[in-house]
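The following exercises concern one protein chain. Please work through each task before reading its solution.

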Amino acid sequence: MFVVAIAVGLITLLASLIFLADFARATRSDDPRLPAHNSRARRHRWAVGMYTRGPETREKELAGR
């Protein structure tokens, strides 16, 4: 049982490090003023809580003024 707990802990640690590395790469290449260009940028924006509108939403807002 102890070996299983250690294995699960190591797998969790490795998965966390992989997610952190992916997140770090996404933050370097993402410009928040532009639409997300790939799934990595969308995942980064989701993780930090950024809300980005698509062009169709912006057009509706401008038409309603």
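**Exercise 1: Confidence and overall layout**

In the chain, confidence is lowest in helix H3 (residues 55-63), at a mean of 61, and highest in helix H1 (residues 2-29), at 89. The confidence value is pLDDT, the predictor's own score for each residue, on a scale from 0 to 100. This is a predicted model, in which local features need pLDDT of at least 70 and side-chain atom pairs count only at pLDDT 80 or more, while totals for chains, interfaces and linings use all residues. Residues are numbered from 1 along each chain as its sequence is written, and side-chain values use heavy atoms, with hydrogens and water left out.

Solution. 
- Step 1. Helices (H or I, at least four residues) and strands (E, at least two) are DSSP runs, numbered from the N terminus.
- Step 2. Of the 65 residues, 9% count as buried; buried means under 20% relative accessible area, exposed over 50%, and partly exposed in between (1.4 Å probe, protein chains only).

**Exercise 2: The aromatic pair**

Task: Classify the one aromatic pair of the structure.

Solution. 
- Step 1. A pair of aromatic rings is described by the distance of the centres and the angle of the planes.
- Step 2. Rings of Phe, Tyr and Trp (its six-membered ring) pair if their centres lie within 6.5 Å; planes under 30 degrees apart count as stacked, over 60 as edge-to-face and the rest as tilted.
- Step 3. The structure holds one such pair. The ring centres of phenylalanine 19 and phenylalanine 23 are 6.3 Å apart and the planes stand at 25°, so the pair is stacked.
- Step 4. Both residues belong to helix H1, four residues apart, about one turn of the helix. Phenylalanine 19 is partly exposed, at a relative accessible area of 44%, and phenylalanine 23 is partly exposed at 24%.

**Exercise 3: The cavity and its lining**

Task: Which residues line the largest cavity, and which element gives the largest share of the lining?

Solution. 
- Step 1. A cavity is a set of points, on a 1 Å grid over the protein atoms alone, where a 1.4 Å probe fits but cannot get out; lining residues have an atom within 4 Å of a point.
- Step 2. The structure holds one cavity of 30 Å³ or more, and about 40 Å³ of space lies in the largest cavity.
- Step 3. The lining consists of Phe19, Asp22, Phe23, Ala26, Arg40, Arg43 and His44. H1 and helix H2 (39-48) are the elements that give two or more residues to this lining, and the largest share, four residues, comes from H1.

**Exercise 4: Two lining residues**

Task: Are aspartate 22 and histidine 44 buried or exposed?

Solution. 
- Step 1. Aspartate 22 lies in helix H1 and is buried, because its relative accessible area is 17%.
- Step 2. Aspartate 22 touches Arg40 and Arg43, not counting residues up to four places away in sequence; contact means heavy atoms within 4.5 Å.
- Step 3. Histidine 44, in helix H2, is buried, with a relative accessible area of 10%.
- Step 4. Histidine 44 and aspartate 22 are 22 residues apart in sequence and 8.8 Å apart in space, C-alpha to C-alpha.

Terms used:
On a 1 Å grid over the protein atoms alone, a cavity is a set of points where a 1.4 Å probe fits but cannot get out, and a pocket is an open set with protein on both sides within 12 Å along at least five of seven lines; lining residues have an atom within 4 Å of a point. Grid points are joined across faces, edges and corners, and a volume is the space filled by probe spheres set on the points.
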